[in-house]
Amino acid sequence: MINQLHHVNVTVPSDLEAATKRFYSSVLGLEELPKPLGTRKSGAWYQIGAVQLHLSIEDEAGGLLSARHVCFAVSDLDETQRRLHDAGVEIIPDDRPIPGTMRFYVRDPGGNRIEIVERRET
């Protein structure tokens, strides 16, 4: 059965591909991987620890903002928030706090929601 998360896939329209790739590599600092032969040339794959994030291009998607999201854990939430803010990324405050969990949200250029979390001992 399932024993590990391998990757998460997010989609953006083709006109936002370059901006979204810059967001994930330059703003978030993710390591871009070479894509295997036989995969589409568009999009990108990124390594985050043992898990990958796949960026796919999809021009037919509905385009509605959704609560679906990817969650990235960070060691310093305040520094991450400052870095994102300085890069012009809108910070979306946590409207449903969880005890012991500090977090906020952002959206990539394609509108994909991203949760940024730092767990703190209570």
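Biologist: What makes the pairing of the side chains of Arg-103 and Asp-94 a polar contact?

Modeller: The side chains of Arg-103 and Asp-94 are joined at 2.9 Å, and the term asks for a pair of N or O atoms within 3.5 Å, where within protein one atom must be able to donate a hydrogen and the other to accept it, and where residues adjacent in sequence count only if both atoms are side-chain atoms. A polar contact also links the side chain of Arg-103 with the side chain of Glu-115, at 3.1 Å. Please keep in mind that this is a predicted model, in which local features need pLDDT of at least 70 and side-chain atom pairs count only at pLDDT 80 or more, while totals for chains, interfaces and linings use all residues. Residues are numbered from 1 along each chain as its sequence is written, and side-chain values use heavy atoms, with hydrogens and water left out.

Biologist: Why is Arg-103 called buried?

Modeller: Arg-103 has a relative accessibility of 13% and therefore counts as buried, since buried means under 20% relative accessible area, exposed means over 50%, and partly exposed lies in between (1.4 Å probe, protein chains only). Arg-103 sits in strand E7, residues 101-107, and strands (E, at least two residues), like helices (H or I, at least four), are DSSP runs numbered from the N terminus. Not counting residues up to four places away in sequence, Arg-103 touches Leu-77, Asp-94, Arg-96, Ile-98, Glu-115, Ile-116 and Val-117, where contact means heavy atoms within 4.5 Å.

Biologist: How do you know that Glu-118 counts as buried?

Modeller: Its relative accessibility is 11%, so Glu-118 counts as buried. Glu-118 belongs to strand E8, residues 113-119, and its side chain reaches the backbone nitrogen of Leu-77 at 2.6 Å. Leaving aside neighbours within four places in sequence, the residues in contact with Glu-118 include Val-74, Ser-75, Asp-76 and Leu-77.

Biologist: Leu-77 brings us to helix H2, residues 77-86; which residues of H2 are buried, and what puts them on the same side?

Modeller: The buried residues of H2 are Leu-77, Thr-80 and Leu-84. They cover an arc of only 65 degrees around the axis, and therefore they lie on the same side of H2; the arc is that of the directions from the helix axis to the C-beta atoms. On the other side of H2, Asp-78, His-85 and Asp-86 are exposed.

Biologist: How do you know that Asp-76 caps the N-terminal end of H2?

Modeller: A side-chain oxygen of Asp-76 lies 3.2 Å from the backbone nitrogen of Asp-78. After H2 comes Gly-88, which has a positive phi, near 85 degrees.

Biologist: What puts the buried residues of helix H1 on the same side?

Modeller: In H1, residues 17-27, the buried residues are Glu-17, Thr-20, Phe-23, Tyr-24 and Val-27. Their arc around the axis is only 160 degrees, which puts them on the same side of H1, whereas Arg-22 and Ser-26, on the other side, are exposed. Just after H1, Gly-29 takes a positive phi of about 75 degrees.

Biologist: Why is Ala-50 called exposed, and why is Ile-57 called buried?

Modeller: Ala-50 has a relative accessible area of 57% and so is exposed, and it is found in the loop between strand E3 (44-48) and strand E4 (51-57). Ala-50 touches Gln-4, Leu-5 and His-6, not counting residues up to four places away in sequence. Ile-57, by contrast, counts as buried because its relative accessibility is 16%, and Ile-57 is found in strand E4. Leaving aside neighbours within four places in sequence, Ile-57 is in contact with residues including Val-12, Pro-13, Ser-14 and Glu-17.

Biologist: How many helices and strands does the protein have, and what share of its residues is buried?

Modeller: There are two helices and eight strands, and from the N terminus on they run β-α-β-β-β-β-α-β-β-β. Buried residues make up 34% of the 122 residues.
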